[in-house]
Every structure is written in structure tokens, then in C-alpha cells.
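Open your viewer, load the model and keep the selection panel handy. We will go from one pair of chains to the next.

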4 protein chains.
Amino acid sequence: MLKIGVIGTGAIGQEHIERLHNKLVGSTVVAVNDINKAQAEEVARRLTPTARVFENGHDLVADQNVEAIVVTSWGPTHEEFVLAAIAAGKPVFCEKPLATSAAACLNIVNAEVASGRHLVQVGFMRRYDKSYRLLKQQIESGNLGEPLMVHCAHRNPNVPDVYGGDMAITDSFPHEIDVLRWLLDDDYVSAQVIMPRKTKHARKDLDDPHMILLETRKGVRIDVEVFVNCPYGYDIQCQVVGEDGVGYLPEPMSVLLRKDTKLSHEILQDWKLRFIDSYDVELQEWIDSVKMGVVRGPTAWDGYFAAVTADACVEAKHSGGVVPIEIGERPAFYAACAFKPAA
Amino acid sequence: MLKIGVIGTGAIGQEHIERLHNKLVGSTVVAVNDINKAQAEEVARRLTPTARVFENGHDLVADQNVEAIVVTSWGPTHEEFVLAAIAAGKPVFCEKPLATSAAACLNIVNAEVASGRHLVQVGFMRRYDKSYRLLKQQIESGNLGEPLMVHCAHRNPNVPDVYGGDMAITDSFPHEIDVLRWLLDDDYVSAQVIMPRKTKHARKDLDDPHMILLETRKGVRIDVEVFVNCPYGYDIQCQVVGEDGVGYLPEPMSVLLRKDTKLSHEILQDWKLRFIDSYDVELQEWIDSVKMGVVRGPTAWDGYFAAVTADACVEAKHSGGVVPIEIGERPAFYAACAFKPAA
Amino acid sequence: MLKIGVIGTGAIGQEHIERLHNKLVGSTVVAVNDINKAQAEEVARRLTPTARVFENGHDLVADQNVEAIVVTSWGPTHEEFVLAAIAAGKPVFCEKPLATSAAACLNIVNAEVASGRHLVQVGFMRRYDKSYRLLKQQIESGNLGEPLMVHCAHRNPNVPDVYGGDMAITDSFPHEIDVLRWLLDDDYVSAQVIMPRKTKHARKDLDDPHMILLETRKGVRIDVEVFVNCPYGYDIQCQVVGEDGVGYLPEPMSVLLRKDTKLSHEILQDWKLRFIDSYDVELQEWIDSVKMGVVRGPTAWDGYFAAVTADACVEAKHSGGVVPIEIGERPAFYAACAFKPAA
Amino acid sequence: MLKIGVIGTGAIGQEHIERLHNKLVGSTVVAVNDINKAQAEEVARRLTPTARVFENGHDLVADQNVEAIVVTSWGPTHEEFVLAAIAAGKPVFCEKPLATSAAACLNIVNAEVASGRHLVQVGFMRRYDKSYRLLKQQIESGNLGEPLMVHCAHRNPNVPDVYGGDMAITDSFPHEIDVLRWLLDDDYVSAQVIMPRKTKHARKDLDDPHMILLETRKGVRIDVEVFVNCPYGYDIQCQVVGEDGVGYLPEPMSVLLRKDTKLSHEILQDWKLRFIDSYDVELQEWIDSVKMGVVRGPTAWDGYFAAVTADACVEAKHSGGVVPIEIGERPAFYAACAFKPAA
């Protein structure tokens with residue numbers, strides 16, 4: 001049993017504790033911490049009564065009984081806890097974002113490289129979604145030929161009032177940033193953002209939709225529609241156009257109906273329903289890989305790349321031009337972490 | 001210009017006059033007749049003002065200016081007018097049914113054979129529907145291998161109050177009777193009818209749905225669901241299971257929508273919308289073939305076969321057993337009429 | 001940890017040991033037995049080294065360390081081991097068939113009822129398949145109205161040489177027998193079997209395909225095509241026609257491709273790929289329910305019902321007529337076992 | 001019968017003569033001309049033996065027996081013949097392009113406006129395609145809300161050796177230029193062209209694929225993939241993303257097959273198969289509208305707009321930047337020509 005300490009007992013933290021302690025195989029949650037200690041105690045009592053509640057996240061990291069760390073605290077605190085885990089030489093799973101700035105992400109990369117051990121995994125869960133894995137198999141099998149273009153859409157039925165500013169780019173789009181790099185096994189070299197006519201369904205102070213264009217090192221051109229007031233539902237689409245064929249991300253499974261004058265499939269309304277199974281796969285694979293002493297999921301470098309790309313997109317949106325994505329070469333250290341889905 | 005006389009100026013008669021006189025190529029309506037003379041005069045005035053209005057259908061058939069006849073009068077009168085056309089040696093297109101009893105249909109067959117000329121075509125319009133033709137091409141190309149089973153559904157959103165008794169078999173089902181014989185190039189040898197649980201949407205005195213089972217000479221087994229209080233719409237389905245593959249009747253073309261929580265196609269609500277284009281193709285091909293002196297569409301024999309099959313199905317429904325479909329060999333005379341769709 | 005003993009270490013036995021011991025949560029395999037002791041020892045060594053290998057299945061059942069039994073031995077031995085488990089008061093999961101005759105199944109039912117405890121679950125795994133559960137939700141929600149007809153197909157690309165006689169009915173069809181009763185929450189009252197034209201792809205001594213017709217207590221009519229030399233692949237279809245709408249069993253998830261002149265989905269070639277996930281769900285739910293002291297899956301009564309129905313279908317095939325399915329009322333004892341899928 | 005003269009008896013000219021003389025209703029071809037007189041004579045003899053063969057296109061335009069003109073000659077000659085028809089006050093249908101430069105198109109617009117009569121129609125046949133009309137109905141009904149984005153693909157399996165330079169923009173893309181303006185009832189204000197990684201299937205001297213981005217006056221953003229070495233087939237896609245829903249251009253009707261391990265639709269391999277029916281609709285509507293003294297199809301202004309847009313796209317491709325599409329206001333004269341599809 002892998003003994004895990006969880007820092008941050010908010011919504012996602014509670015879900016992960018439930019998974020790690022009760023649902024998945026091979027792990028137990030032995031320690032929890034939250035800035036709100038009362039909440040941490042309530043969560044522990046309810047989900048993992050024998051776990052120790054720490055007043056301080058750093059103490060949790062340092063505790064001898066804790067073998068691996070899960071960071072689900074407030075974004076601005078990610079950097080310090082991930083760095084602490086690296087310093088303690090303990091594997092750490094950090095929910096996205098890895099850190100709230102590219103510079104902070106780079107600190108983590110540098111610390112991990114300096115430590116000489118692969119310890120950090122970032123919570124980009126789409127890589128664990130069955131439909132993306134099926135699409136990646138098509139690409140890797142060579143069935144589509146070399147990818148030339150990717151057409152995507154990221155549509156949400158609505159967003160909360162706190163969702164504003166450039167969050168379409170900094171909060172919604174990072175899922176595509178990571179999963180498309182992984183799908184294509186490629187990196188980005190430039191970004192452009194186009195602002196279509198605004199939908200009447202968006203709040204007055206919110207830009208919606210966005211069209212984001214990325215160029216990769218190999219010359220693949222990607223267009224992603226990010227549309228967060230799309231009334232019909234939560235809908236993630238991805239079409240890879242290769243030299244030899246085109247492959248589409250599968251739709252979620254649902255009953256085909258003939259009813260009420262329509263031949264229809266139901267569209268999901270909530271991203272959780274769409275990706276809930278991915279969290280289980282993601283954390284089960286993390287547990288299994290930690291036990292084997294490796295990191296096979298998204299690395300700190302992937303978290304850093306996402307931050308740099310999002311920054312370039314924000315700049316591109318405001319400048320209206322094409323913005324280069326400049327990032328040094330990936331440290332050789334990370335070459336060994338490449339994730340391959342099981343056959 | 002083929003000079004046509006139309007007997008029967010009700011709804012379908014008016015539609016055919018409009019087609020033959022104004023829409024299609026190579027024909028003109030020069031004579032009309034109806035038991036309701038005032039209606040015939042009004043229709044002529046509106047759609048084909050120079051046409052002569054006959055008080056009597058037999059006079060219309062005999063008139064020297066009339067080269068071909070279209071019979072769209074009340075069913076019980078079909079036999080006499082078709083026989084008159086045969087006697088006059090003039091091509092005749094008769095709306096379904098060819099006649100209202102198998103015996104009457106056989107009279108027509110015998111008269112036509114005795115005349116030595118192919119003159120009669122019956123208005124089974126599904127053979128002219130684009131989707132059925134595409135399915136037939138798959139069968140004839142050998143792409144599916146030999147057909148083994150056919151699974152069909154004939155669904156209507158509702159039926160008028162006059163629709164009662166065994167009309168599911170005698171009025172709705174004959175479309176399948178004819179089009180499946182044509183699709184398979186095969187004949188029926190037995191029928192069985194199974195009565196599923198009745199839908200709450202059917203009138204108290206109406207049986208609905210029916211499951212009708214047919215066996216062909218080659219051993220193909222056909223099941224057809226006839227469901228005429230199917231609330232979602234008008235829907236015709238046909239799936240041919242062959243030794244090597246399965247082919248489905250194409251759905252009508254419509255825009256795929258993502259809207260209101262659904263990924264959907266609209267389902268048609270009216271059989272006319274489904275088959276309206278088939279009438280144009282049917283009558284254009286009839287005009288063209290009459291000019292070439294042949295009949296290429298459904299023959300009198302096909303009309304007779306449909307009547308005998310429907311009778312067997314009615315008997316099977318009431319007896320609950322398997323009823324043989326006994327009909328003599330097709331006269332050699334009809335071998336020359338086999339219709340092949342254009343390549 | 002539920003301590004399980006497994007009787008039968010052939011292919012399916014090994015797969016279940018792997019699941020119960022290594023993959024699922026909350027169970028461990030502590031005892032194994034097989035008629036081939038050397039094989040049992042090899043399997044134990046490889047998959048669960050600390051398990052005890054019993055020379056005799058009855059000793060395994062009786063062993064104090066064994067809390068629950070899994071029977072995956074040769075069909076003719078199922079009855080004795082399940083009866084032994086009942087006698088020992090231990091929960092038992094028995095792979096299908098429950099026993100190889102209706103009489104033997106009834107012995108089990110009687111023994112279980114007499115014991116007063118729900119102990120037996122039969123391995124009908126389709127109830128655990130995601131696509132069937134989605135379809136059942138549509139029915140139970142009332143979205144389709146009352147079911148009137150069900151159209152099904154059970155297609156296999158090929159069958160081994162040992163597959164002969166009436167195995168289409170006794171081996172392939174029982175999956176539909178059980179899952180359709182469960183889907184409809186209804187029982188069968190009669191069966192009929194129709195033999196379509198035989199496919200050229202079947203062995204000379206094998207009948208293929210079959211069309212099996214079932215009638216339920218509520219009057220629902222079911223038609224199931226069983227076609228085991230269907231060259232295109234393994235394909236399970238189910239269409240429920242209700243008063244208000246029609247629902248289709250979802251297709252397995254796959255990438256939609258545009259390639260080689262086709263817009264296509266890949267069709268699975270192996271039933272294992274189709275239902276492999278269901279085994280995990282089935283056994284995980286069994287473990288969880290055994291720990292709660294209940295049986296929530298297919299009961300001995302369901303196993304008995306399947307046997308009686310298959311017998312009636314075999315008789316119907318050979319007689320060509322409609323055969324009543326006569327079975328006494330379900331013992332009140334089983335009313336408490338009804339399985340409801342999680343919301 | 002509308003008496004038509006056809007200038008240009010090459011491939012498309014011959015097809016139109018066959019349509020206008022033999023297939024459609026209400027027209028006859030009375031005069032033909034080609035720079036290759038022998039060919040014109042051969043074509044006339046074969047398709048319309050009573051037509052007069054003119055040595056000179058201008059004489060054909062001027063001939064008193066000719067009531068309307070169809071121009072299907074070599075592109076560089078379009079301008080002079082269309083101007084001649086305007087000068088003669090005769091309706092003229094000109095195959096695309098209207099003329100080979102924006103300046104030449106503008107000459108035609110100016111001449112037509114000066115003449116005070118609507119005489120010119122350009123052969124953009126996609127407006128007559130059933131699938132585009134269904135999509136336009138969805139937009140015009142308000143069902144999708146205001147369009148915000150349009151995602152398109154124009155894929156060809158291959159191109160002939162003469163297809164080079166910027167023909168993806170000047171030859172393939174004009175179909176989208178016209179049909180999208182018509183679909184959206186909007187004009188373009190800027191263009192950008194992005195060059196993805198080149199496919200290995202393209203000739204060394206040919207750029208392929210292109211991604212073309214257009215912005216409309218209302219702010220709609222359009223992306224069109226033009227990919228002319230797309231091995232799987234000829235494929236035209238269009239997805240309109242509106243405020244309230246998304247609508248897709250219907251796929252061509254085809255039989256759904258289960259065969260050879262695939263659930264598949266056949267993809268067309270030739271643009272002619274895709275749009276052949278549109279030519280019939282286009283020319284039948286032109287005949288009908290000419291008889292009513294109006295032009296309801298694409299106008300000279302539409303031809304001019306297409307030329308200006310294509311020029312901007314070529315410039316954008318070569319500059320790499322965003323190029324404004326500057327064109328004066330549409331003359332009020334053209335406001336009366338707006339085409340509405342029949343209800």
C-alpha cells in the first residue's frame with residue numbers, strides 16, 4: 001500500500017482522497033492538510049478516519065510515514081509544495097496548473113533536474129481519457145500518415161461569474177495545450193488568437209468565443225475553438241488530418257434514440273461526466289508507476305511548456321499578431337519519461 | 001409530347017396532372033375525367049386548360065387524341081379502366097392498388113397476356129426512391145453476398161380515423177411487399193403475422209403494431225414491423241443481411257445539429273416528404289419508357305403478387321399460423337419486363 | 001479482504017483469479033482447485049503463490065479459510081459445487097451455465113430457497129456492460145414508454161469446430177435470454193425458431209443463421225438473429241421499440257476515420273474485446289455485494305429460467321412450431337434479489 | 001421554349017447543351033459556337049442537330065433567333081462574350097469564373113449596371129446543391145442563432161498536372177468564397193493564409209494543403225482547409241457554429257455497410273458525382289427565371305466579389321499577413337437580385 005499525503009482538501013482534493021483511499025488499488029491516504037484545518041479534519045473523519053491531519057503542508061511532506069504527495073491546494077501554493085516534495089525526494093502528483101507562472105514552473109523543472117530523480121507528475125487528465133487514447137493509437141500506428149492539421153473545439157455550456165479576463169486561454173485551453181502536444185508528440189513554435197463575433201450569451205465583460213491557432217515544430221497547424229457559452233452542452237472535439245486519412249476523437253457513448261421527431265444522441269452537460277473516468281485511470285497509473293519508481297504521466301516539463309504556451313497565447317490575443325513560443329530545448333533528463341499508452 | 005388522359009382528379013390525380021403537364025419532360029395532359037364532373041372541370045381549368053373533360057372514363061380511354069392513360073380514380077374502379085386501356089391497346093399507369101382483389105388483378109394479368117403487349121404499370125413508387133436504389137445496387141453488385149435475412153420497419157406517426165381493420169396489411173404493407181420482392185429479385189412462399197403488445201397510442205378498435213414475417217423462394221427470411229402510431233415520426237427502415245455483409249437503407253438527407261443538449265437529425269413527419277421525389281422519377285421514367293414502347297416499372301403481375309401476398313398475411317393474422325403463398329408460375333410473358341435501374 | 005476459493009483453473013478461471021487477486025479491490029484468492037492438479041499448481045504459482053491448492057473441490061468449499069467460492073470448472077460439474085457451497089452457507093459465483101440441464105438448475109434453486117439465504121450468482125456478464133446499462137436506464141426512466149418489440153442480432157465472425165448441434169441456442173443465445181429478461185424486467189411465455197437460408201460460410205453440418213422469436217408475459221415480441229459465421233466481425237445489436245420512442249444499444253467506442261474511400265468505424269472481431277470490461281465490473285460488484293451479505297446479480301432463478309428457455313427454443317427449432325415456456329411462478333424468496341443499476 | 005445559344009463546346013459546354021436541349025424543361029439549344037469549329041459542328045450534330053453553328057461568338061450573340069446565351073468557353077474569353085450579351089440586352093449564364101481578373105469582372109458589373117437590366121448569372125453551382133440548401137434553411141430559420149464561426153474543408157483526392165501555382169486559391173477555393181457569402185448573407189473584410197506542413201502526396205512544385213481564414217463584415221470567422229492531395233476521396237465539409245447551435249453540411253446519401261471489419265459509408269471520389277445534380281437544378285432555375293425576366297442566381301457582383309477575395313487570398317499567402325478585402329459598396333442595383341431558396 002502506497003502511503004499518500006494530500007495537501008488541499010477542497011472539492012478536487014476530497015475526490016482524490018476518495019479515489020486513493022477507497023476506490024483504487026494499492027494506495028491509502030495517511031495524511032491530509034488544508035489551510036482550513038477544520039475542513040481538513042472533517043474530510044479526514046469522513047473519508048479516511050485514521051489519517052493524520054497536519055497543520056502545515058511542509059510537515060506533511062516531511063513526515064516519515066508519507067511516501068508520496070498529492071497537491072490539490074490553491075494554485076499559488078503549488079510551487080512551494082512541489083519544491084518541498086522534490087527536496088524531500090518524494091513522488092508528487094500536482095493538479096493543474098503545475099504553478100501559476102512560467103517562471104515558477106521553470107523553478108520546479110530546474111529543481112527536479114538538479115535532484116536527478118523523476119518525481120513530479122502534473123494532473124493533465126485528458127491523456128488518460130479512453131477516447132483520446134484511441135485517437136493516439138491511430139496516429140501512432142501510422143494509419144493516418146503524418147499529421148498535417150488538427151481541428152479542435154472546446155465548448156462549455158456556461159462558466160461561473162469568476163471566469164473572466166483571459167481564463168479561456170489560461171484555464172480552459174491548457175487541456176488542449178497538453179493533450180495535443182502528447183497526441184502529436186510535437187512542440188509548439190508560435191501562437192495566434194483570432195476573436196470572432198461575440199456571442200450574445202456571454203457576459204458583457206467576457207470575450208467569447210476565441211479561435212486559437214498553433215504551429216508546431218514539424219509544421220502541423222492546429223486550430224482550436226474555445227467557446228464557453230455554447231448553450232447546447234459540454235463538447236470536446238478533435239479531428240486529426242493526416243497525409244493518408246482523418247481521425248476523429250470518439251464521442252462519449254450514449255444511447256441512440258428515435259424520439260420526439262429526432263434521431264439523436266444526448267450531449268453531456270458537465271465536464272465532470274465527460275472526464276470522470278479519466279481521473280481513476282490517471283491516479284491508478286500514477287500509483288502503479290510510483291511503486292515502480294518512475295513517472296510516466298505529464299512531467300514538470302509538460303507543465304512548464306503549457307505555461308509558456310498559454311503566456312504566448314495571451315500575448316497574441318492582445319497584440320493581434322503571431323507570437324513565437326520560445327523555450328529552450330527540453331533537458332535530456334526528461335527524455336526518459338515519455339509516456340506510451342499500454343498496447 | 002406524349003398525350004395523356006387522366007381518370008380521377010382527386011388529390012393524387014391533381015398531383016400527377018401537375019407533374020405530367022407542367023413539371024416533367026415529354027408529356028402533356030390532353031384529357032381528364034372524374035366521377036365528379038365539376039371537380040374535373042375545375043382541375044382542368046386550373047392545371048391544364050386546353051384538356052378535354054370527359055363525362056365518362058371509357059370515352060376518354062377510347063379517344064383518338066389520348067395516347068396513354070393514368071388511372072388515379074377510386075380503387076374499386078381501377079379494374080374496369082385498366083381493362084379498357086388494354087382493350088384499346090394503350091399504355092396505362094395505374095396507381096396502387098392495381099385492383100381491390102386478387103381475382104380482379106388476375107383478370108388484368110390474363111387480359112394483358114392475351115393482348116400480347118406490355119401495357120400496364122402499377123404505381124409502386126418506392127422502386128424509384130434514391131435510397132432503395134442505392135441499396136439495390138449494393139445487393140446486385142454482390143457486395144453483400146447472397147441475402148439471408150431482411151429486417152424492416154414501416155412506422156407512421158399516426159393514421160386517420162378511416163384507417164382500421166386490416167389496413168396495416170392491405171394498405172401500408174403492400175409498399176414493402178413490392179419493394180422487397182424487387183430488392184431481392186425473389187418471390188414469397190409463406191407468411192406469418194405476430195401481434196405484439198398493443199401501444200397505448202392506438203385507437204381502441206385498431207391493432208397496432210404488427211410483426212409480419214415472410215419467407216421467400218430462395219429461403220430469405222423477412223421481418224417487417226408495421227407500426228402506425230409511432231409518435232416520433234414517419235420512418236422507413238430496411239436492413240439486408242447477406243452472407244458477406246449488411247447494408248442499410250440510407251436515411252433521408254438532413255442537417256446534423258448540435259443543439260438543445262442533443263446531437264440530432266430531424267426525422268420526417270409525413271410520408272409525402274419522404275417519397276415525393278420518387279413520384280417525379282417514377283412518372284418521368286414511365287413517360288420515357290412508353291415512348292420507347294416498353295413497360296419497365298412494376299407490372300400487372302407485380303400488382304397481382306402484392307394482392308395475393310396481402311391476402312395471405314390477412315389470413316395469417318387471423319389464423320395465427322403460417323400461411324402458404326400459392327400463386328402459379330409467372331407467365332413467361334412477364335420475363336421481358338424486368339426492370340433494371342440505370343447504372 | 002474477501003478470501004476466495006476458485007474451482008477450475010482453465011482459461012476463464014485464470015482470468016478471474018488474476019482479477020480477484022490482483023486487479024480488483026477487496027478480495028484475495030486463497031485457494032484453488034482443478035481436476036488437473038498440475039495445472040492448478042502452475043496457475044497458483046504464477047498468479048497467487050500463497051494460495052493453497054486443493055486436490056478436491058469439495059474440500060476447498062469446506063475449508064474454513066475460504067469465505068466465498070468461484071466456480072469456473074467444466075459445466076457438468078457446476079451443479080455439485082454450487083450445491084456444496086449452498087450446503088456450506090458460502091456465497092458462490094458460478095460461471096454460465098448455472099448447470100447443464102433445467103432439472104439441475106432447479107435442484108440448485110430448491111436448495112438455495114431451502115437454505116433461506118441468497119448465496120448464488122450466475123456469470124451473465126452482459127448486465128454489467130456499460131452499453132446495456134445505458135439502454136436499461138432509458139427504459140427504466142420511461143423515456144421510451146412501454147416496450148412493445150425488441151429487435152436483436154448476435155453475430156460472430158466464426159466459431160470453432162466443436163461448436164455444433166444446437167449450440168447457437170444453448171451456447172450463444174443464453175446471453176440474450178438473460179440480458180433481455182433483465183432489460184425488460186419481464187419473463188418469456190413462448191418461443192419459435194425460424195431457419196433462414198443457410199450461409200455458404202457455415203460448415204456443412206452447422207445450421208446458421210437462426211431467427212429466434214420470443215414472447216413475453218407482457219406481450220413484448222422479441223426477434224433475435226443469431227448468426228455465427230458473419231464474416232465482418234463480432235457484433236451485438238439491440239433495438240428496443242417502445243410506445244414513445246426507440247432506443248439502440250450503443251456501439252463500442254472507436255475512432256471515426258476518413259480513409260481509403262470510406263467514412264468508417266472499426267468493428268470488433270472478438271467477443272472478449274467487446275465484453276472484457278464487463279467482467280471487471282461484474283466481479284467487483286460481486287465482491288462488494290458479498291461483503292454486504294447480499295446477491296445483487298443474476299440469481300439461480302435467472303440461471304434456471306435461461307435453461308428452461310433454451311430448452312423450449314431447441315424444441316421449437318426441431319418442431320417448427322411455437323413452444324410454450326412453462327415455468328412455475330418465481331419463488332417469493334427471489335423477489336428481494338432484484339438488481340438495480342446504480343443511478 | 002427558351003432559345004439558347006452556347007459559346008464553347010468543350011466538356012462542360014457539351015454537358016450543358018445536353019441538359020438545355022434534352023433533359024431540362026422549357027429550353028432548346030438553337031445555336032453553338034467554338035473556337036474549334038469542327039468540334040462545334042460535331043457536337044451540334046450529335047446533341048442538337050438543328051442548331052446553327054456560328055463561326056464567331058459575337059455573331060451568335062447578335063443572332064435574332066437566340067434569346068439567351070450560355071458562355072462555357074475558355075476563361076479569358078468570358079469577359080468579351082458577357083459584355084456582348086449585355087450590349088445585346090440578352091440574359092447570359094457564364095460558367096465560373098465570370099472573368100479572369102477582378103478588373104474584368106468590374107467592367108462587367110459596370111456595363112450591367114449601366115444597362116439597367118439584370119442579365120448576368122455566374123455558374124456557382126453549390127448554391128443549388130441540396131445539402132447546402134438544407135444548411136442555409138437552418139441558418140435562415142434562426143435555429144442556430146447568429147453564426148459566429150464556420151469551419152470548412154475542401155478535399156480532393158488528387159489534381160491534374162496543370163493544377164499548380166496558386167490554383168488552390170484561384171480555382172478550388174472560389175466555390176467556398178461564393179457559397180459561404182451566400183450561406184451567411186455576409187461579405188468578407190479580410191483574409192489570411194496559413195501553410196501547414198506539406199503532404200508527401202503533393203507534387204514537388206505544389207503547395208498543399210492551405211488553411212485560409214476569412215473575416216466577415218459581421219465578424220464571423222471562417223477557416224477553410226483546402227487539401228487537394230487527400231487520398232481518401234472528394235470531400236466537402238462545412239460546419240456553422242452559431243450562438244445557439246451548430247449545423248453540419250449533410251454528407252452525400254449512401255448505404256451504411258457492415259462489411260470487412262468496418263461499419264462504413266462510401267466516400268465519393270469525384271466532384272462531379274458530388275455536384276452533378278446541382279447543375280440540373282441550377283440551369284432549370286435559370287431557364288425558369290429568365291422566362292420570368294429576372295436573375296435569381298449568383299450575379300455579376302458575386303463574380304466580382306469572388307475575384308477580389310481570391311486576389312486578397314493570393315496576396316495574403318505570399319505576404320504571410322492579414323490582407324484587407326476592399327471593395328466598394330454593392331451597387332443598389334444588385335439589391336433586387338437576392339436569391340431566396342424556395343420554401
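How much area is buried between chain A and chain D? Select both: about 2800 Å² is buried between chain A and chain D, and carbon and sulfur atoms give 54% of that. Buried area here is the accessible area (1.4 Å probe) that two parts lose on being put together, summed over both.

Before going further, note that this is a predicted model, in which local features need pLDDT of at least 70 and side-chain atom pairs count only at pLDDT 80 or more, while totals for chains, interfaces and linings use all residues. Residues are numbered from 1 along each chain as written, chains are lettered from A and ligands numbered from 1 in written order, and side-chain values use heavy atoms, without hydrogens and water.

**Stop 1: chains A and D**

Superpose chain A on chain D: a rotation of 180° with 0.0 Å of shift along its axis does it, at RMSD 0.0 Å (least squares on the C-alpha atoms of residues with pLDDT of at least 70 in both). That is the relation of a two-fold axis.

Next, select the residues in contact (heavy atoms within 4.5 Å): 37 of chain A meet 37 of chain D. The copies meet through the same surface, because 100% of the interface residues of chain A are also interface residues in chain D.

Now look for salt bridges (a side-chain nitrogen of Lys or Arg within 4 Å of a carboxyl oxygen of Asp or Glu). The rule finds 6 across this interface; one of them joins E243(A) to K200(D), with the closest N and O atoms 4.0 Å apart.

Colour by strand (DSSP E runs of at least two residues, numbered from the N terminus). On the side of chain A that touches chain D, β7 (147-155), β8 (188-194), β9 (210-216), β10 (221-227), β11 (235-242) and β12 (245-248) each supply at least two residues. β7(A) gives the most, with 5 residues.

**Stop 2: chains D and C**

Show chain C beside chain D. Here 16 residues of chain D are in contact with 16 of chain C, and the two chains bury about 1500 Å² between them, 52% of it on carbon and sulfur atoms. Pick R258(D), T261(D) and L263(D), which lose the most area to chain C, together 42% of what that side buries.

The count of salt bridges between chain D and chain C is 6. Zoom in on D235(D) and R258(C), a bridge whose closest N and O atoms are 3.0 Å apart. On the side of chain D that touches chain C, β11 (235-242), β13 (256-259) and β14 (262-266) each supply at least two residues, and β14(D) gives the most, with 5.

Note on methods
Helices (H or I, at least four residues) and strands (E, at least two) are DSSP runs, numbered from the N terminus.
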